[in-house]
Amino acid sequence: MPIVDAQQLMENLDGDLELLRDAFEIFCEESRSLQSELRAAAQANNVQELNQTAHRLNGMLSNFFADEACQTAIQLEEIQGSDVGATAAPLIEQLSGQIETVQSEIQQIMASRGS
């Protein structure tokens with residue numbers, strides 16, 4: 001089952017493949033650095049940085065109507081406590097896999113629409 005709601009995404013962009021391509025490039029660049037920031041925050045047990053970075057990723061993912069990945073990011077946004085690393089690590093890996101899937105699905109959307 002797809003993570004990205006392709007129909008909703010294209011409707012939101014008024015079918016503009018160029019806009020999708022531009023947004024996708026930014027997403028690919030930004031998501032790499034944000035994932036690194038998530039891992040660093042978890043390793044440092046920095047709950048505030050973890051929550052803020054997850055919030056930024058959630059916002060980016062919501063632009064692509066990737067609800068499942070957004071839900072994982074929200075779980076990371078809501079982590080509290082002193083042992084952030086242990087709680088966040090599996091969610092970060094789950095989110096990373098979801099981001100890879102989102103990227104793959106968006107590439108397929110662009111290819112199927114003649115981009």
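Predicted model: local features only at pLDDT ≥ 70, side-chain atom pairs only at ≥ 80, totals over all residues.

Asp14 sits in the loop between helix 1 and helix 2. Its backbone is worth a glance too: Asp14 isn't a glycine, yet its phi is positive, about 55°.

Gly15 counts as partly exposed, with 43% relative accessibility. Which residue is 98 residues away from Gly15 in sequence but 9.1 Å away in space? That's Arg113, with the distance taken from C-alpha to C-alpha.

## A negative patch

Asp14 also belongs to a group. Together with Asp16, Asp22, Glu25, Glu29 and Glu30, Asp14 forms a patch of negative charge on the surface.

Take Asp22 as one of the members. Asp22 is found in helix 2, which covers residues 17-43. Is Asp22 exposed or partly exposed? Its relative accessible area is 36%, so Asp22 is partly exposed.

How many salt bridges does the structure hold? There are three. Let's start with Glu18 and Arg21, whose side chains meet at 2.4 Å, N to O.

Why do these two sit about one turn apart? Glu18 and Arg21 are three residues apart in helix 2, so about one helical turn separates them. An α-helix has 3.6 residues a turn, so residues three or four places apart point the same way. Both partners are partly exposed: Glu18 has a relative accessible area of 44%, and Arg21 has 26%.

## Salt bridges between helices

Another bridge brings together the side chains of Glu37 and Arg56, at 3.5 Å from N to O. Glu37 is in helix 2 while Arg56 is in helix 3 (residues 47-62), so this pair ties together parts that are 19 residues apart in sequence. Glu37 counts as partly exposed at 28% relative accessibility, and Arg56 counts as partly exposed at 42%.

Then there's Glu93 with Arg39, a salt bridge of 3.3 Å, N to O. Here the link is between distant parts of the chain, with Glu93 in helix 5 and Arg39 in helix 2, 54 residues apart. Glu93 is partly exposed at 47% relative accessibility; Arg39 is partly exposed as well, with a relative accessible area of 30%.

## Helix 5 and what follows

After helix 5 comes Gly114, and its phi is positive, near 85°.

## One more positive phi

Finally, have a look at Phe65. Where is Phe65? You'll find it in the loop between helix 3 and helix 4 (67-77). Phe65 is a residue other than glycine, and its phi has a positive value near 55°.

Notes: Residues numbered from 1 in each chain as written. Heavy atoms only, no water. Patch = residues over 30% accessible without salt bridge, like charges linked within 9 Å, V, L, I, M, F, W, Y side chains within 5 Å. Areas by Shrake-Rupley, 256 points an atom, 1.4 Å probe, with all protein chains shown as cover. Salt bridge = Lys/Arg side-chain N within 4 Å of Asp/Glu carboxyl O. Lys, Arg positive; Asp, Glu negative; His and termini not counted. Charge placed at Lys NZ, Arg CZ, Asp CG, Glu CD. Helix = DSSP H or I, 4+ residues; strand = E, 2+ residues; numbered from the N terminus. Buried < 20%, exposed > 50% of the residue type's maximum accessible area, 1.4 Å probe, protein only.
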